[in-house]
Amino acid sequence: MAFSFPTFVRPGARRAIAGVALALLAFLAGAPLAAFALVPADVAPLAADDFDAKSAAIDKLIANHDKESVAVLKALSEDSALATDAGAVLLQDGDTARDAVTGKTVAAGDAQPVTLNNLLRSKVAGALSGLQLDSPDKATREAAIAALLRNPDPAIKPLVDAARAKETDPALKKRLDTLWAMTALHDADPARRLEAVQLVAARHDLDMNELLRPLVAKKPDGSFNEADERIRAAAQSGIDELDAIQRRSQIAGTLFAGLSLGSVLLLAALGLAITYGLIGVINMAHGEFLMIGAYATYVVQNLFQRYAPGAFDWYPLLAVPASFAAAGLVGIMLERLVLKHLYGRPLETLLTTFGISLILIQATRMLFGAQNVQVVNPAWMSGGVTVLPNLILPYNRLAILAFSLIVVGIAWTVLTKTRLGLFVRAVTQNRRMAACVGVKTARVDSYAFAFGAGIAGLGGCALSQIGNVGPDLGQSYIIDSFMAVVLGGVGQLAGTVIGGFGLGLVSKAIEPFWGAVLAKIAVLVMIVLFIQKR
């Protein structure tokens, strides 16, 4: 439908208005092309060997972020950008190639792939993530922000500015503010730099420490990298706060590591405290009960994987009694066949149980192989909970800590509330008097030894959830178990709990300063001094 001017408009004015309109349309039509179309000078540095010039060219492509620039960035990320001897950049697509500037299909000839170093590859990857900030899909935007937060680049600041203006989700807007701050730390405007420093410091992310430290550092000539004193003060305040958070995280992490180690030592030492306190046997094969419990868990896991894969996450419910039964059965056989003939002869018992430990280790190697086997955590024990910015508590360690306390409660109940427990305490206090009143001490010895071995088997079940299972598993814990028992008092259940957790906490507190070996030596010396003093 043709356009007609009103009759009151003069013909000369009509021609003038028409000319202005045509000129305006031509300008609007040509403006985007003039603003965003690539020219040879934009991509020529990519074909050269100067990486600084390549970085500047990539920054310009990011600033343009039009269709042609994005195509070049994608080609660079996919190693499909080719450089010719004439300085042209070609975008390879299968067997064909097209010029990045003109878009025309050309012969690749002797063109070579554009070379990028790791820094430039990271810049290109960050730019492509930045382009996803405009995605209508929230999950895509969230993933792009997460990727950029891990590797912020000042070159993507224009993309972040545009995304901040459009973002409507409050949570993503907050994360975009942090991302903007990380890219604006070197902005030319001091007010923007100060705002950026304050936002970065408020995030309480320990990784941000390395972004703030250069702002308070000095150049070789003695001047500060950051000229503005207000910005330096804000950066130093943020660094001090992050250092305090890191110290708190380290202290909390050390305490949790000590409790975690203590829970393992407690499970290993609890059974030893019962058998050592009752019949005075120094059982050097006690560590192998841990190993038996761990391999019983491995067998149960394999049975679930083969016959009940849908219920795999619940295999620990069967592995716990299986590990107790397996270790307890071996324990009662050992006591009935060997140890009952050696009561009152500590040296022979020590040597015999050491030989039995070697036999059990070799038998395990023959049955399961010399290589370590892996026990997989169920889904509900995978992952962890974040309690501080730099501290994650694994679910499997938390489960073991809770499990050890439950086992202590069960052992206490058995020893104090049951007939067997009454007999065990009677024999421990006065074996001859207990025998005189009708207690069958030999049977009590067997039951108590089996019970102690079964508790060690539960410790092996727990250990299987935090590491690989091997024939030598028990050898790593037998000495520490004896130290926990001796420290807490022979035959004392409460003392064993205190000794196990105390030993774990002290060991983990010393390890960061002296290392694991010297920490064990220091703990041994402290235990000797404690016993001598007591």
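**Reading helices, strands and charged pairs**

Tutor: Let's start with a pair of helices: α7 goes past α8 in a left-handed crossing. Keep in mind that this is a predicted model.

Student: Which residues of α7 and α8 meet?

Tutor: On the α7 side, look for K157, V160, D161, A163 and R164; on the α8 side they meet K173, L176, D177, L179, W180 and T183. Sorted by class, this contact of α7 with α8 holds five nonpolar, one polar and five charged residues.

Student: Charged residues bring me to my next topic. How should I read a pair of them?

Tutor: In general, side chains of opposite charge can pair when their charged atoms come close. The count for this model comes to eight salt bridges. One of them is between R141 and E167, whose closest N and O atoms are 2.9 Å apart.

Student: Where in the chain do R141 and E167 sit?

Tutor: R141 is in helix α6, residues 138–150, while E167 is in the loop between α7 (157–166) and α8 (170–183). The two are 26 residues apart, and the pair links distant parts of the chain.

Student: What meets what in the contact of α16 with α18?

Tutor: From α16 you have L420, F423, V424 and V427, and they meet T441, V444, D445, Y447 and A448 from α18. By class, that contact has seven nonpolar, one polar and one charged residues.

Student: How do α19 and α20 cross?

Tutor: Helix α19 covers residues 478–488 and helix α20 covers residues 493–514; the axes come within 7 Å and cross at roughly 125°. α19 and α20 are therefore oblique to each other. As for handedness, α19 passes α20 in a right-handed crossing. D480, M483, A484, L487 and G488 of α19 meet G495, T496, G499, G500 and L503 of α20. By class, the contact of α19 with α20 has four nonpolar, five polar and one charged residues.

Student: Now the strands. How do strands of a sheet pair?

Tutor: They pair through backbone hydrogen bonds, either parallel or antiparallel. This model has an open sheet of five strands, in the order β4-β3-β2-β1-β5, and the pairing is antiparallel.

Student: Which strands are at the edges?

Tutor: β4 (105–106) and β5 (112–113) are the edge strands, and each pairs on one side only. Helix α4, residues 67–77, packs on the sheet and touches β1, β2 (89–93) and β3 (96–99). The direction of α4 makes about 70° with that of β2.

Student: How many bridges join the strands β1 and β5?

Tutor: Two bridges join β1, residues 81–83, to β5, and these strands run antiparallel. A83 has Q112 in β5 as its bridge partner. β1 also pairs with β2, in the antiparallel sense, over three bridges; there, L82 is partnered by L90 in β2.

Student: And what lies in the turns between strands?

Tutor: β1 and β2 form a hairpin with five residues between them, and G87 in that turn has a positive phi of about 90°. β2 and β3 form a hairpin with two residues between them, where G94 has a positive phi of about 70°. Four bridges join β2 to β3, which run antiparallel, and D93 has T96 in β3 as its bridge partner.

Technical notes:
Residues numbered from 1 in each chain as written. Predicted model: local features only at pLDDT ≥ 70, side-chain atom pairs only at ≥ 80, totals over all residues. Heavy atoms only, no water. Contact = heavy atoms within 4.5 Å. Nonpolar A, V, L, I, M, F, W, Y, C, P; charged D, E, K, R; others polar. Pairing = 2+ DSSP bridges. Axes fitted to C-alpha atoms, helices over the stretch in contact; angles between N-to-C directions. Salt bridge = Lys/Arg side-chain N within 4 Å of Asp/Glu carboxyl O. Left-handed = near helix turned anticlockwise from the far one by under 90°. Parallel < 35°, antiparallel > 145°, perpendicular 65-115°, else oblique.
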